[in-house]
Amino acid sequence: MFSCFLLPWPPTVNSMFGQKPGRKRYQSKKYKDWIDGALAAVRRQKVEENYTGNVAVTLRMGAPDKRKRDLDNYVKPILDLITKTDIWADDSQVTWLLVLWDSDIKNGVQIEIVEAP
């Protein structure tokens, strides 16, 4: 099985949640809006695979501008979103992960998933 699809540029892990004093942590508006847009993108691309075993994932990141960024701060929202789509049951199935900047991708992320050996 092989899946390849595009997602809009994700929020950084640092902006996924907020917390008010004395209250529980909550999803930020920015993160909720991204989830809605990303789920719609997956539906439009008709990604229907359902991986039950371990997977290898490649994330090709195309930043929206030239600012300096920490690549690892964008992984969690992407993997969590894929779990929401039921493409896999849980991101603990990811046993191999490659994340790289790709200048051919414009303002988004290309995700490639294959069954891991």
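Predicted model: local features only at pLDDT ≥ 70, side-chain atom pairs only at ≥ 80, totals over all residues.
Which residues form one aromatic cluster with Trp9?

Stop 1: Select the strands S1, S6, S4 and S5. They make up an open sheet of 4 strands, in the order S1-S6-S4-S5, and the pairing is mixed. Now colour strand S1 (2-8) and strand S5 (94-101): these are the edges, and each has a single partner strand, so one side of each has no neighbour in the sheet. On average, neighbouring strands here are turned by 15° against each other, direction ignored.

**Stop 2: two pairings.** Show S4 (residues 55-62) together with S5. The two run in the parallel sense and are joined over 7 bridges. Pick Leu59 and look across to S5, where its bridge partner is Val99. Then move to S1 and S6, which pair in the antiparallel sense, also over 7 bridges. Here, select Leu6 and find Gln110 opposite it in S6.

**Stop 3: the two faces of S1.** In a regular strand, side chains alternate between the two faces of the sheet.

**Stop 4: a helix across the strands.** Select helix H2 (residues 75-84). H2 lies across S1, S4, S5 and strand S6 (108-115), and its angle to S6 is about 55°.

**Stop 5: the rings.** Back to the opening question: Trp9, Tyr74 and Trp101 form one aromatic cluster. The structure holds 4 aromatic pairs. In one of them, the ring centres of Trp9 and Tyr74 are 4.7 Å apart and the planes stand at 45°, so this pair is tilted. Trp9 sits in the loop between S1 and strand S2 (17-19), and Tyr74 in the loop between S4 and H2, so the pair ties together parts 65 residues apart in sequence. Are these two residues buried or exposed? Both Trp9 and Tyr74 are buried.

**Stop 6: a charge over a ring.** Select Arg25 and Phe17. Arg25 lies over the face of Phe17, at 3.9 Å from the ring centre.

**Stop 7: a lysine in a loop.** Finish with Lys46, found in the loop between helix H1 (29-44) and S4. Lys46 counts as exposed because its relative accessibility is 62%, and the cut-off is over 50%.

How values were computed:
Residues numbered from 1 in each chain as written. Heavy atoms only, no water. Pairing = 2+ DSSP bridges. Axes fitted to C-alpha atoms, helices over the stretch in contact; angles between N-to-C directions. Contact = heavy atoms within 4.5 Å. Phe/Tyr/Trp six-rings, centres within 6.5 Å; stacked < 30°, edge-to-face > 60°. Buried < 20%, exposed > 50% of the residue type's maximum accessible area, 1.4 Å probe, protein only. Lys NZ or Arg CZ within 6 Å of the ring centre and 35° of its normal.
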